[in-house]
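User: I would like to go through this model by question and answer. Please give the cut-offs as the terms come up.

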Number of protein chains: 2
Amino acid sequence: MGDMGDITEQELGEIYDFAVQLGKDAGRLLMDFARARWEDQGSGEQLFSEKDNAVDIVTKADEGMYTLLNFCGVWIADYAMKDVEAFVKNSIEKKYPSHKFIGEETYSKGVSRDYLIGDEPTWCVDPLDGTVNYTHLFPMFCVSIAFVVSGKAIIGVIYAPFMNQIFSACKGRGAWLNETQQLPLIRKPIPPMPAPAPGGCIFSCEWGKDRRDIPDGNMHRKVESFVNMAAEAGGRDGKGGMVHGVRSLGSATLDLAYVAMGAFDIWWEGGCWEWDVSAGIAILQEAGGLVTTANPPEDHQNAEITDVQLGSRLYLAIRPAGPSETESGRQTQERVVREVWKRVRELEYNRPGA
Amino acid sequence: MGDMGDITEQELGEIYDFAVQLGKDAGRLLMDFARARWEDQGSGEQLFSEKDNAVDIVTKADEGMYTLLNFCGVWIADYAMKDVEAFVKNSIEKKYPSHKFIGEETYSKGVSRDYLIGDEPTWCVDPLDGTVNYTHLFPMFCVSIAFVVSGKAIIGVIYAPFMNQIFSACKGRGAWLNETQQLPLIRKPIPPMPAPAPGGCIFSCEWGKDRRDIPDGNMHRKVESFVNMAAEAGGRDGKGGMVHGVRSLGSATLDLAYVAMGAFDIWWEGGCWEWDVSAGIAILQEAGGLVTTANPPEDHQNAEITDVQLGSRLYLAIRPAGPSETESGRQTQERVVREVWKRVRELEYNRPGA
């Protein structure tokens, strides 16, 4: 049994077509919920009958700052997530009853935080990535659908309905924006990573939810890493990376999509879960990108650079790259991985209960 | 002579229609240049004949890390800026020969950094905002066109062609997304700013170009401010703002557009120029937003909160807001301005030569 299990090429193509259509339908559903907020004078509340549920969300809110605005936003986000995940899950069960399903909404309701993806064909789905953006109606939100076999994401579909951007890939069939423009969307031949990298690179990173003001805690380690990447070359005791730009979108899934596109050169993040990244990793790898661990290994200048485990919660992604005069494309990517590892701190994320 | 000078309401409507069409045409031109990069196997170089100009750009590059990728990207960006600005300028001169024109491209070639906008009808244009995004083909770039009379931006048009989003406003005629959806795009009645603000808010900020690793320099003051806004409430010696999210797009113009939309609650930045912000300010103010100075005044809890000067280079924008039970919408916005001023450092940007 190879990477593809028992799945034939023809079956794979059918699964891919199904996944793309499912992504489009799910994204449209997300957008319908969003529109309810600004089109209905009644703030969309009439759409939903089980009002009691709002209380669950209030008690769930870990930020202790519930406001009218967010109340409505988060509430609709919660309904949208449930509804979209149920739609995706039911569609898959109907079409492929033997496949396993892991969705953020279902998973986060459970107690275990174990990594549940095995060798069997598994769908790994985030019905709504960029939830905070969604509650504020900032367009950087999406649905993310991955099909995983033998532990590898081989199909990925990401649909951002507000921007009408769909990213998709299937192993061996290329990665695409809106099904027509092949990724990476940079000039051909695909350029190597810049010689002075991280100089010349767009660096994408996220502030995340862990904002505890603990000395040497995750937030401060992240910020120290961001500043190292941003500061002038020669600054920060030699760690200054002088990246071309620092971006934070608030969606791990779209960060990965834009790395696959070649718009971002580097994405570094800790704390995500497999449903946040599986589709993005499928698309990035098919486009020719590299994704490994965020945390610098012991001997980071010589350690072997291996593909990330889907459930590792620590990710460093590098865009697709072609060869330079002296290096292969992969070598230019690995050079950048080591340059990033030089400048970033180890983050503390693991799987509670695992 | 009022704010509108000698311009009648009918003339204003005609100027608005003209500006919207000009924005669309200019944005399409930007997109044509961008497409040249990924569609032409020859990397688009054949499109341009005056290759010598590339040298100018290299000598202009202040980041000392010229790479093949950026070379091509920046080079095309420079051509696009020139070409789009010339197109916009010529179109305006033909239609409104008596109006003054200030464009980034022309201005930055000059020696003076004086603020040039007076009382006479003036077009203030950035042919390409988000230049770094454009060179990397990250979709957050746009053209920005403002019409300013008596020192106030009364028409604004921002077009982001990759996302097909056009933001526009004319004094007294509302602010719009894609000409059909009125801004802010949040539920009606428009909610007040959150009670625990900056808690509950999306905070947008930019790392910018000044990355000098100088103790207490602009970069470090910015980062200290970002961390204060992000950290848990109670953290940072009471300065922790626990914002809902921190976003960095790399385009001041689009930051303002998303504040007008209500997707971002707060934008805080220093170092921009009037062409970066004029159209965004016109749209934000027409949508009901507030924009004042980024730097906390002496007595920041009591100081009068005045509208920003277009050329001040220091901006703090707050989204449109409705009344709460105890405050007017404006009062909720002013409360947030003071909460931000508590947490941010003074930035050092002024007008060289002015």
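User: What share of the accessible surface of chain A belongs to carbon and sulfur atoms?

Analyst: This is a predicted model, where local features need pLDDT of at least 70, side-chain atom pairs count only at pLDDT 80 or more, and totals for chains, interfaces and linings use all residues. Residues are numbered from 1 along each chain as its sequence is written, chains are lettered from A and ligands numbered from 1 in the order in which they are written, and side-chain values use heavy atoms, with hydrogens and water left out. Accessible areas come from the Shrake-Rupley method with a 1.4 Å probe, and for residues only the protein chains shown count as cover. For chain A the accessible surface is about 13000 Å², and the share of carbon and sulfur atoms is 48%.

User: What percentage of the residues in chain A is buried?

Analyst: Buried means under 20% relative accessible area (1.4 Å probe, protein chains only). Of the 354 residues in chain A, the buried ones make up 63%.

User: How are the axes of α7(B) and α8(B) oriented, roughly parallel or roughly antiparallel?

Analyst: Helices are DSSP runs (H or I, at least four residues), numbered from the N terminus. Axes are lines fitted to C-alpha atoms, for helices over the stretch in contact, with angles from 0 to 180 degrees between N-to-C directions. The axes of α7(B) and α8(B), the latter covering residues 274–287, come within 8 Å and cross at roughly 0°. Angles under 35 degrees count as roughly parallel and over 145 as roughly antiparallel, so the two helices are roughly parallel.

User: Which residues of α7(B) make the contact with α8(B)?

Analyst: Contact means heavy atoms within 4.5 Å. On the α8(B) side the residues include B:Val277, B:Ile281 and B:Leu284. On the α7(B) side they are B:Ala252, B:Thr253, B:Leu256, B:Val259 and B:Ala260.

User: How many residues of helix α7 of chain B are buried?

Analyst: The helix spans residues 252–261 and is mostly covered. B:Asp255 and B:Tyr258 are among its buried residues. The count is ten of ten.

Note on methods. Buried means under 20% relative accessible area, exposed over 50%, partly exposed in between (1.4 Å probe, protein chains only). Angles under 35 degrees count as roughly parallel, over 145 as roughly antiparallel, 65 to 115 as roughly perpendicular and the rest as oblique.
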